[in-house]
Amino acid sequence: MKCRDIEPLIYLVRDGELTEQEISIVSEHIQNCPRCRELTRSVKAMTSAVLKADYDKDMPVAEEILTPRILQNLNKPSRSYNFVMVKVAAACLLLILASTFISQERSFSRNRTDLQTRLQQEDPGLSDCIRELRRKIHYHSIAAFARPDTLPVNLINEEALTAYVRENCGYNASDIKALKKLLIQAGLSN
Amino acid sequence: MNNLQTTIHENQDDKLVSLIRQGNAVAFGHLVERHQPYIARIVSRFLFREEDTREVVQDTFIRIWKHLDDYDGHCRFTTWIYTIAFNLCLDKTRALKRRREDRFPADYETRADYQGDTMEQVSDPDQAGLGNVIRSLAQQLSKVQRLVFVLRDIQDLPVEEVCRITGFDAGKVKSNLYYARKFIREKLEKGGYI
């Protein structure tokens with residue numbers, strides 16, 4: 001496996017959810033790869049630092065006695081509740097969102113189909129990295145870069161994807177531009 | 001906390017919940033005293049400002065009081081209250097963003113920046129100082145990344161507990177953890193903290 005495939009596993013190894021096979025692949029890889037060995041050391045140092053750090057030093061609220069204040073406010077109307085207008089507005093908003101979502105889904109599927117046709121044609125001007133990304137988009141295997149907060153429309157976290165392109169293709173302005181175009185074509189970006 | 005202590009702790013919660021359901025406000029006071037410090041700690045790791053933390057902690061307990069009948073015992077009581085606390089954290093973050101108040105007070109790019117700024121205020125710079133740096137960096141993560149990072153890495157909760165609290169599946173938790181850890185590691189390394 002390549003470093004870029006091993007890297008996410010190195011970050012997730014502490015969660016104890018890698019299979020024995022994955023652990024073995026990671027161990028074997030880092031024995032032979034100084035870069036990933038250094039990354040493993042750095043990730044371990046980060047994990048340890050995050051666990052040991054004292055987060056409460058400048059946060060006296062944890063030690064404050066808030067009980068009287070909370071008990072006093074128990075029967076007051078909540079800031080965000082009990083407003084009929086808010087409920088009505090929320091219902092209207094839901095209706096609008098539902099109709100927008102249906103229309104977006106239709107447009108998204110249409111864009112995907114169009115893209116699949118366009119992807120059949122090779123563009124010699126694109127780098128290998130962008131071609132690979134284009135294949136991933138084509139086969140919908142680009143979920144690793146999905147923005148979870150936009151599901152199920154599934155917009156792409158452009159920052160993460162751009163970082164990936166910069167790291168794996170070098171800092172190449174034309175690649176970034178081509179990537180942006182591809183994402184818009186695929187309906188994965190605005 | 002060992003298994004026996006956990007069981008005792010949960011039994012006490014069950015007894016208090018039962019009394020509160022009968023309208024016993026004193027029992028609710030005990031429940032607040034039991035859980036407020038821990039709730040305040042985890043909320044403060046998600047929100048940077050003390051006044052926001054205080055407000056969310058207070059709202060968490062008010063919501064617990066109002067919705068206690070919704071707790072059906074399908075998960076641990078603590079899981080249920082953490083879920084409420086973190087939902088309120090997310091609401092608060094959205095509200096702050098709308099009001100453009102979600103700026104964190106300091107972005108300590110390097111250890112030198114930090115030392116020049118507030119090192120004198122902390123007695124143990126290696127631990128307390130680092131805690132502030134990590135909290136500051138966590139503010140730069142997306143809401144979801146920050147949420148899973150705080151629960152999994154700072155609070156050290158198992159992935160399955162994080163899934164229960166957030167309602168996310170394991171894949172979503174892990175992919176967001178990956179990006180969060182990558183960002184935090186790179187910043188800590190760049191700043192000379194690790």
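Helices α1(A) and α2(A) are oblique to each other. The reasoning starts from a general point: two packed helices are described by the angle between their axes and the distance between those axes. In this predicted model, helix α1 (residues 3–12) of chain A packs against helix α2 (residues 20–32) of chain A at an angle of about 120 degrees. Their axes lie 10 Å apart. Roughly perpendicular covers 65 to 115 degrees, and roughly antiparallel needs over 145. The pair is therefore oblique. The crossing of α1(A) past α2(A) is left-handed.

Which residues of α1(A) and α2(A) meet? From α1(A) come Cys3(A), Ile6(A), Leu9(A) and Ile10(A). From α2(A) come Glu22(A), Ile25(A), Val26(A), His29(A) and Ile30(A). By class, the residues of this contact are seven nonpolar, one polar and one charged.

Now to charge. Side chains of opposite charge can pair when their charged atoms come close. Over all chains, the count is 20 salt bridges. One of them joins Glu38(A) and Arg41(A), with the closest N and O atoms 2.9 Å apart. The cut-off is 4 Å. Both residues sit in helix α3 of chain A, three residues apart, so about one helical turn separates them.

Last, confidence. Helix α3 (residues 34–52) of chain A has the highest mean pLDDT among the elements of chain A, at 93. Helix α6 (residues 128–138) of chain A has the lowest, at 66. Chain A averages a pLDDT of 73. Of its residues, 58% score at least 70.

Note on methods. Residues are numbered from 1 along each chain as its sequence is written. Chains are lettered from A and ligands numbered from 1 in the order in which they are written. This is a predicted model: local features need pLDDT of at least 70, side-chain atom pairs count only at pLDDT 80 or more; totals for chains, interfaces and linings use all residues. Side-chain values use heavy atoms; hydrogens and water are left out. pLDDT is the predictor's confidence in each residue, from 0 to 100. Helices (H or I, at least four residues) and strands (E, at least two) are DSSP runs, numbered from the N terminus. Axes are lines fitted to C-alpha atoms, for helices over the stretch in contact, and angles run from 0 to 180 degrees between N-to-C directions. Angles under 35 degrees count as roughly parallel, over 145 as roughly antiparallel, 65 to 115 as roughly perpendicular and the rest as oblique. A crossing is left-handed if the near helix is turned anticlockwise from the far one by less than a right angle, and right-handed if clockwise. Contact means heavy atoms within 4.5 Å. Ala, Val, Leu, Ile, Met, Phe, Trp, Tyr, Cys and Pro count as nonpolar, Asp, Glu, Lys and Arg as charged, and the others, Gly among them, as polar. A salt bridge is a side-chain nitrogen of Lys or Arg within 4 Å of a carboxyl oxygen of Asp or Glu.
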